[in-house]
Amino acid sequence: MDFLSSSTFHPKLSTKPKTSISIGTTHNYPRISYVRIEEKPQTATERPQSQLVKKPTPQLFTTYTAPPPPSPKRPTDPPSLPATIFNAADNFINTFIDPPLRSAVDPKFVLSDNFAPVHELPPTPCDVVEGSLPLSLDGAYIRNGPNPQFLPRGPYHLFDGDGMLHSIRISGGKATLCSRYVKTYKYKVEREKGFSVIPNVFSGFNGLSASAARGALAVARILAGQFNPTEGTGLANTSLALISGNLYALGESDLPYSVKIDSGGEIHTLGRHDFDRKLFMSMTAHPKIDPQTGETFAFRYGPMPPFLSFFRINCSGEKQPDVPIFSMTSPSLLHDFAITNKYAIFNEIQIGMNPIEMISGGSPVGANPGKVPRLGVIPRYATDESQMQWFEVPGFNTIHAINAWDEVEGNTIVLLAPNILSVEHTLERMDLIHASVEMVRIDLTTGFVSRFPVATRNLDFCVINPAFVGKKNKYVYGAIGDPMPKISGVVKLDVSVSDGDRRDCTVASRLFGPGCFGGEPFFVAREPNNPNADEDDGYLVTYLHNENNGESRFLVMDAKSPELDIVAAVRLPGRVPYGFHGLFVRENDLIKL
C-alpha cells in the first residue's frame, strides 16, 4: 500500500521507549532486536515453532508445532565493485543522514509481532479443526499484504513491504495453504542481487537531506544498470481484483501484476500487465467491478497534473481512454472511490503532499488542516471532465469507500464510507484515530450535502455482498479496530434502519477473543446464481492469528446469524502475518485463469 505508493494502515506504533523485540516463550516471530547492516543484508527469517515452549490453550485455538521454514536462496557470487560502493553509501545514509529514529519507520517496531515477515510456503494441506467447509466455498480466498524480502537496513514503513499472497484453496471440504511473493520487477531484481536496490517510497524520502541522498543514490544505481525504473518499481502489496476474467495483484504505485492459482493451490505470477499499452504508470488498488455489466471502473493519481485520471475497462478487458480531472487542484491521497449506476464519486481529503513537513525532516505526505475536503461526482461514462461536480464536505476524510447508489431518479447519491477522525494521525499513529462509518447524501440539483454516523465503533476494512456494488445495499460488515490496524472482531450493520431512526445500526457482532486478531472480512454468497437469495445469505471469511501461541487460522462465519457463528475453522501450517485486502475467487473462475 502506498501513496504515490499506498493506503494507510500500519501497526500500532508507540512513542514510548521499547525494549528489544524478541521471541517470547511461545511466539513464532523473528527476533528483530537490531537491524544488521551489511552489503548483502540478512534475508528475513523466522524461528521454527518446534523450538518454542507451549502455553495453555486460549480461546478457539490449540497449540501446535509448524514445520520449520525452508532456508532462503542466497546468491553465491560476491557483489560487484559498484554494488559494494553503492551499498556502503546506503549504509552511510541509513546510519548518519537518516537513521530510523521515529517509531513509524523503525523496523524494530514496524516488524514486531505478527507484522514480522515469513518465508514462502508451497501448497500445504491444512486441518479443519472445527465444523466443516461448505461446498459453496470451493475456490480460493487470497489475501495480499506486505512482507519484506530482506530485513531493512534503515527506515522502513509497513507500506514498503514486498507483496505476498496468502491463498487457501478449498475443494470438496479440504483446504490447502500457499504463500508466495508477487514476482514483481523489484522483487526479481533484488532477489537476483541479494540486497535491496530500489529505495522505499514511504520511508526513504523524509527530509531534504535524506531525499537528496537517496535520490542521488537511486540515479547512480540506474546509471550503473542495477535496475530500470521503466520496468516498474511497485510492490503489488495491497489488494487483488478479478477483471474481465483475469486475476491481478494490485498496488497503486505501479501497473497490475497478473497472477493465477492452479488446481494444486500453487500461486503463479504471470507478469506485469498494461492492457495492450493503454495503461500507463499506475492504477488504483481498489477498482470497482459492476456485477451487472462486467465493466471495471478505476483511476490513477499522482503528484503532477492531472492529479487524477478516471477510466474504465470493458467486459472484454479493453481499457478505454483516460478522462483527466484537472479540476482537482492539488495532489491528494486517493486510495479508493465508489460508483453508482450513473456516477463515480471521489473524495479529495486533507492528506496529500506536504513539502513544508518534508523540509523539516518529516514525511512528504501529511495532513493539511487548512484544506476543506471535497466530494467529486462525475458521470461514469463521461469522456471529459466538463460534467464533474465538486461539493465541499468539511471534516469528511475517507481512505476507503464501502458503497454508493442513486436515489430520486438519479438526482441524489448516497455514499457509505468510514470517516477518519483525527486525520493528522493517519500515517504515523493509527492507534490514535477513530473511523466512523457515515452515510452521506448528495443532492446533485441543490448541491446540499448531509451526513450522519451509522455506527459508534471504530470500523474500517468494511465490505458488502459484491453483487450489490453500485446499488442500494442493506448490510455492511466491518472490521473492529482495537486499535487499528489490529482487528479484534467483526460487526454487521443494517444501514436501512437509518432511514427512519438515526441510531447505531449494528445488528450482529463477533469478537475473536483475547490476543486474537484478524483482518478484513470478505463476503461470499452461498448461492451466487440465485437472484432471489437474501443479501446476507452467505459467509464471512478471514485469516485469524493468535498472539498467545503463534497459531494462524482461516475462519468461516455465518453472515446471516445474529452472532456471526463460526461455520468452520482451519488450522494453517504456517503463520499468516497481518495484511491488507483479500478476494474470494470461485472454482469456475479459477479454472479459466
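Tyr301 is counted as buried, since its relative accessibility is 8%, and the cut-off for that class is under 20%. In this predicted model, the ring of Tyr301 pairs with the ring of Phe299, with centres 6.4 Å apart and planes at 35°, so the pair is tilted. Phe299 is likewise buried, at 0% relative accessibility. The protein chain around them holds six helices and 33 strands, and buried residues make up 60% of its 593 residues.

**Aromatic rings**

- The count of aromatic pairs comes to 17.
- A cluster linked by ring pairs contains Phe297, Phe299, Tyr301, Phe310, Phe337, Phe346 and Tyr381.
- Phe310 belongs to strand β12 (residues 308-313) and Phe346 to strand β15 (residues 343-348), so the pair links distant parts of the chain, 36 residues apart.
- Both partners are buried: Phe310 has a relative accessible area of 2%, and Phe346 has one of 1%.
- Two lysines place a charged end over a ring: that of Lys319 sits over Phe311, 4.7 Å from the ring centre, and that of Lys486 sits over Phe517, 4.9 Å from the ring centre.

**Nonpolar cores**

- In soluble globular proteins, nonpolar side chains tend to be buried together.
- The largest nonpolar core has 68 residues, and those touching the most other members are Phe346, Ile378 and Leu493.
- Strand β25 (residues 475-481) gives the most to this core, contributing five residues.
- Leaving aside residues up to four places away in sequence, Leu493 touches Val437, Val454, Ala455, Leu459, Lys474, Tyr475, Val476, Cys505, Thr506 and Val507.
- Another core, of 44 residues, lies apart from the largest one and includes Leu133, Ile170, Ala175 and Tyr185.

**The five-stranded sheet**

- Five strands form an open sheet with antiparallel pairing, in the order β1-β5-β4-β3-β33.
- Its edge strands are β1 (121-125) and β33 (582-586), each of which pairs on one side only.
- From one strand to the next, the twist averages 15°.
- Strand β3 (residues 139-146) pairs with β33 in the antiparallel sense over five bridges, and Tyr141 has Phe584 as its bridge partner in β33.
- Strand β4 (residues 163-171) contains Ser167, which is buried with a relative accessible area of 1%.
- The contacts of Ser167, not counting residues up to four places away in sequence, are Ala140, Tyr141, Ile142, Thr176, Leu177, Cys178, Ile261, Ile267 and Tyr543.

**The four-stranded sheet and strand β20**

- Another open sheet has four strands in the order β20-β21-β22-β23, and its pairing is antiparallel.
- β20 and β23 (449-453) stand at the edges with a single partner strand each, so one side of each has no neighbour in the sheet.
- On average, neighbouring strands of this sheet are turned by 25° against each other, direction ignored.
- Although β20 is at an edge of the sheet, five of the five residues of this strand (residues 403-407) are buried, so β20 is largely enclosed by the rest of the structure.
- In a regular strand the side chains alternate between the two faces of the sheet.
- Both faces of β20 are covered, with Asn403, Trp405 and Glu407 buried on one side and Ala404 and Asp406 buried on the other.
- β20 pairs with strand β21 (residues 412-421) in the antiparallel sense over five bridges.
- Within that pairing, Ala404 has Leu415 as its bridge partner in β21, and Asp406 has Ile413.
- Four residues lie between the strands in the hairpin of β20 and β21, where Val408 takes a positive phi near 50°.

**Contacts along the chain**

- Among contacts in the protein chain with a separation of 6 or more, 64% are between residues 24 or more positions apart.

How values were computed. Residues numbered from 1 in each chain as written. Predicted model: local features only at pLDDT ≥ 70, side-chain atom pairs only at ≥ 80, totals over all residues. Heavy atoms only, no water. Buried < 20%, exposed > 50% of the residue type's maximum accessible area, 1.4 Å probe, protein only. Helix = DSSP H or I, 4+ residues; strand = E, 2+ residues; numbered from the N terminus. Pairing = 2+ DSSP bridges. Axes fitted to C-alpha atoms, helices over the stretch in contact; angles between N-to-C directions. Core = buried A, V, L, I, M, F, W, Y, C linked by side-chain atoms within 4.5 Å. Contact = heavy atoms within 4.5 Å. Phe/Tyr/Trp six-rings, centres within 6.5 Å; stacked < 30°, edge-to-face > 60°. Lys NZ or Arg CZ within 6 Å of the ring centre and 35° of its normal.
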